[in-house]
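User: Could you take a close look at one pair of packed helices for me, and then show me what surrounds it? I am new to reading structures, so please go step by step.

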Amino acid sequence: MNSAALWAFIVKELRHIRRDRQTLTILLFMPLVQVVLFGFALRSDVRNVRIAFVEPAPDAATVALRNRFAATNRFRVVARVRRMDDVEPLFRRGEADVAIVTEPDFASHLSAGDTAHVAVIIDASDPNTGSVIRNYAQAVLAAYEGDLTENRGATRIITDVRMRFNPTLESVNLFVPGLIALVLTLVSALMTAISLSREKERGTLEVLLVSPLRPWQIIVGKVLPYLGLAFANVLTALLAAWLVFHVPFRGSVPLLLGESVLYALASLALGVLIAALSSSQRGAMMAAMLATMLPSALLSGMIFPIASMPRWLSPFTNVVPARWFIVIARGIMLKGIGLPYLWRETLVLIAMALVLITVAVRSFKPRLA
Amino acid sequence: MRALRFLLVKEFLQIARDKVMLRMTIIAPILQLLLLSNAATFEVKSARLYVVDRDHTTISRGLSQRLQAAGRFVLADASPSAALAEEALLSRRASLIVNIPPDFERDIVRDHAARVQLVLNAEDGATAGVTEGYAMQIITRYAGELGATIHASSPTGPVLDVRSRNWYNADLRYRDYMVPGILVQLVTVVGTLLCAMNIVREKEVGTLDQLTITPLSRSAFIAAKLIPLWVIALFELTIGLLVARLVFGVPMRGSLVLVFFAASVYLVAALGLGLWISTLVSTQQQAMFVTFFIIMVYLLMSGLFTPVRSMPDWAQWLAEINPVKHFIGIMRAVMLKGATIVEVMKPLLALAAFGTVVLSLAVRQHGRQ
Amino acid sequence: MSAESATSAIEARNLTRRFGSFVAVDHITFDIRAGEVFGFLGANGAGKTTAIKMLIGLLPPTEGEAHVAGFDVRTQRLEVRRNIGYMSQRFSLYPDLTVRENIRLYGGIYGLTDSEIRERSSSLLERLGLSGSAGDLVARLPLGWKQKLAFSVALLHEPKIVFLDEPTGGVDPITRRQFWEMIYAATARGTTVLVTTHYMDEAEYCGRLSIMVEGRIAALGSPEELKRQFGAASVDDVFVQLARTTSEPGTAA
């Protein structure tokens, strides 16, 4: 047992990390900046809808309708035009989001008891925002219509909606668990892959391999400092989320940290594997980006729900470790549930970590000997 | 500028020999488009429904059937127990609980109004919002039908006839909206990341010093670095546009020439940024991290995933000085809405201004090192 | 072509470079005559590379001045660059370009015409015996060949002065001999050579030597003069003596 040698090796690795100020700064600040960005800037709610009115013949009723929209805090009237043809340039310049078109004789139709026609034209190039805007506009129109007529006793089913676990639908609550996964992937997989492949490229790895250190010790020595860094990042991100955005923390913190370590281990092993398989630093970087960052961001359900993906794509998400970790992290943080509910996901992560570690240690030795 | 000719030949030869990079530049756009355009969607295809029916009447069963018949909901389970339903929500077997209270039918018949409770798993806020929308539509329609059949209460005709139309994306295909943005991301990564890495590699190898002591002018060196990447990025865009058109059927309503012109202008800023980064760092690893970090912030704040106008005011101001935001705006306007050069003049000028400022700052910084 | 300094290829007066409080090169003064092989000797970190970097315009001097081929290294950088060749201790050709492509590139950068490039590269390849490998990637050449090629490329534009920063590091003795033969051939054509080395046997090949210790020139003269002055049998002994006397005051940086 040469634990002194292992220790010396770990110290060397820590020095490398500390000397590289730029990378270290970025690694330490990245989670903080991300949490702040996600928390403050990224909202999927729709505010400040810019509305245009097409009124071929303005009359009392069209003015009343326009005022109704203006009175809500959701809409801002940006244009009043006479002709339909004037709508298109507004949309193309991106100056309006929705146009309300009233027919000529709008008021007289209404007062005569006829049906008056209104068209809602949406800039649906962004389908999400477009749909939301349509709902808003229709709600205003419905309220207007309700005022025009007495309540005629239509049958209603009153729905009482409860949003469980995230009642205000705060985006930040949703993103923070995913963010932790992303940061862990970045630090664990990407950094490890690059740092190992760099030693390989420079030939220093061969020096280590002929030393009395065993291959697993080299891997441990390389990996342990990054594990520590990853852990520090998780703590920063969580602290920022909790202090700045009051993201709820309903479940057990030790459990979350434990699961984070588990996930980090799987990612680290993936990083080692990538380094073992690629011949150059740049190759490792590219492979790590493609094999870890992209799937962790896109196929994990972090931003885009897995349920929304096409059927052929969802099986692929199952091999992405981040997908399972995010379920766990959200469960613990937002739902306050523990292992009784999350044992399946945890087992998947354990299995992934074990397989990856085994394959990584194996591929490491013969490739370099 | 005879020397430039030789340098350009050298750059193209090096790029052509770098098989890893070459393969990446072909595969990356296809893979990214395939992944992002399929994964990046908030549409909810099917939500898992749990029905707690404590009324057990024809009308209450009718509601449950309507929900299932719409194709948006799959029945996960049904029982009269709210506790079991809660359990299903916690373990993610259900994402929506519909609670139908006793006396539901009686209330409908007697009072023309009854209550239903919807409980949603709002861990993922976006999904919950969309799911709620679907459920509400179905329930409202059902209420209307009930009114017509039970009370025969349909009035003489509607007061307002509201038609809504979705322009530019009638089928609300989220992919059409995402693809132009993904193309921007692609061009950005090629422009900025490859540029920074390429120059830093010469720094690392030592050939940059060698070139510095030749009579070669600084502008020739920079031009020789930027021009090939500029060409590659436009080539990338071409592949991306082809995949978008042929594989995904994303429309191209505006002028292709305008798209390429805007991209050419944008690339000056993107490449300038890469050049600037290359002056700050000394290793490829650092270059990758700094670039990755900057691009990430740029992309998140650009409106690629969430609308800029939903952001707080300070973030919207920041977005104004983000070239990515302007280029995404142009791409979406031209591809989806068929905007002309006059209609995108404002963002185009902003891009040109950025390109000039960033590139001249970068060139100065490059001269200073 | 300034005539006033026709005899001196390089003049340095009190040339100094500091990095923060560390003085890498400390007021060095010397003249190198045209056509001379001038050696810079010193331990690692003695300031040889920093001195060269100031002379070729990669690093601005903190203090003092220097003229290379009659041009001021501070104000006439471009003129300096047209007249020098440089080969660094780090290998400076592009490994992912072929032998011929590297030659063409540097020929083009130095403004040679296409016919000049063609003629000179074929004679260069022939001299090196590399004609058969002109289409091979430089990365595939053995180290010794790479070094010889790099030297030849540095001479391609027929510079007045060539700077060689530890050109023979890691090369076998036979290739080193051949390398020095190439250096002599260059001086025979009138080229001035400034070479840094820490191989003491190589020092004996130089016309004159300056031995640098801790940023200062501790001794300067022909190998014979130095051996006489220090009463030593070889340059190696001179070097060891100098290293011992200067490190005694305890001003280690």
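**A pair of helices in chain A**

Analyst: In this predicted model, helix H10 of chain A (residues 253-277) packs against helix H11 of chain A (residues 281-298) at an angle of about 140°, and their axes are 9 Å apart. The crossing of H10(A) and H11(A) is right-handed.

Which residues make the contact between H10(A) and H11(A)? From H10(A) come Ser267(A), Leu270(A), Gly271(A), Ile274(A) and Ala275(A). H11(A) brings Ala284(A), Ala287(A), Ala288(A), Ala291(A) and Thr292(A). An α-helix has 3.6 residues a turn, so residues three or four places apart point the same way. By type, the residues of the contact of H10(A) with H11(A) are seven nonpolar, three polar and no charged.

Now let us step back to the nonpolar cores. In soluble globular proteins, nonpolar side chains tend to be buried together. Here the largest nonpolar core has 217 residues, and Ala269(A) and Val187(B) have the most contacts inside it. Leaving aside residues up to four places away in sequence, Val187(B) touches Ala233(B), Glu236(B), Leu237(B), Ala263(B), Tyr266(B), Leu267(B) and Ala270(B). Another core, of 76 residues, lies apart from the largest one, and its members include Ala220(B), Ala224(B), Leu112(C) and Val153(C).

How do the chains meet? Two pairs of chains are in contact, and chains A and B share the most contacts. Chain A and chain C are joined by no contact, and their closest C-alpha atoms lie 14 Å apart. Between chains B and C, 18 residues of chain B are in contact with 22 residues of chain C. On the side of chain B that touches chain C, helix H1 (2-17) and helix H8 (207-212) of chain B each supply at least two residues. H1(B) gives the largest share of that side, eight residues. The residues on this side of chain B divide evenly by type: six nonpolar, six polar and six charged.

One last stop is in chain C. Helix H1 of chain C (residues 48-55) has eight of its eight residues buried, so this helix is largely enclosed by the rest of the structure. Among the buried residues of H1(C) are Lys48(C) and Lys53(C), along with Ile52(C), Met54(C) and Leu55(C). After H1(C) comes Gly57(C), whose phi is positive, near 85°.

Note on methods
Residues are numbered from 1 along each chain as its sequence is written. Chains are lettered from A and ligands numbered from 1 in the order in which they are written. This is a predicted model: local features need pLDDT of at least 70, side-chain atom pairs count only at pLDDT 80 or more; totals for chains, interfaces and linings use all residues. A nonpolar core is a set of buried Ala, Val, Leu, Ile, Met, Phe, Trp, Tyr and Cys residues joined through C-beta atoms within 7 Å. A residue is buried if 20 or more other C-beta atoms lie within 10 Å of its own, exposed if 12 or fewer, and partly exposed in between; C-beta atoms are placed from the backbone. Two residues are in contact if their C-beta atoms, placed from the backbone, lie within 7 Å. Axes are lines fitted to C-alpha atoms, for helices over the stretch in contact, and angles run from 0 to 180 degrees between N-to-C directions. Helices (H or I, at least four residues) and strands (E, at least two) are DSSP runs, numbered from the N terminus. A crossing is left-handed if the near helix is turned anticlockwise from the far one by less than a right angle, and right-handed if clockwise. Ala, Val, Leu, Ile, Met, Phe, Trp, Tyr, Cys and Pro count as nonpolar, Asp, Glu, Lys and Arg as charged, and the others, Gly among them, as polar.
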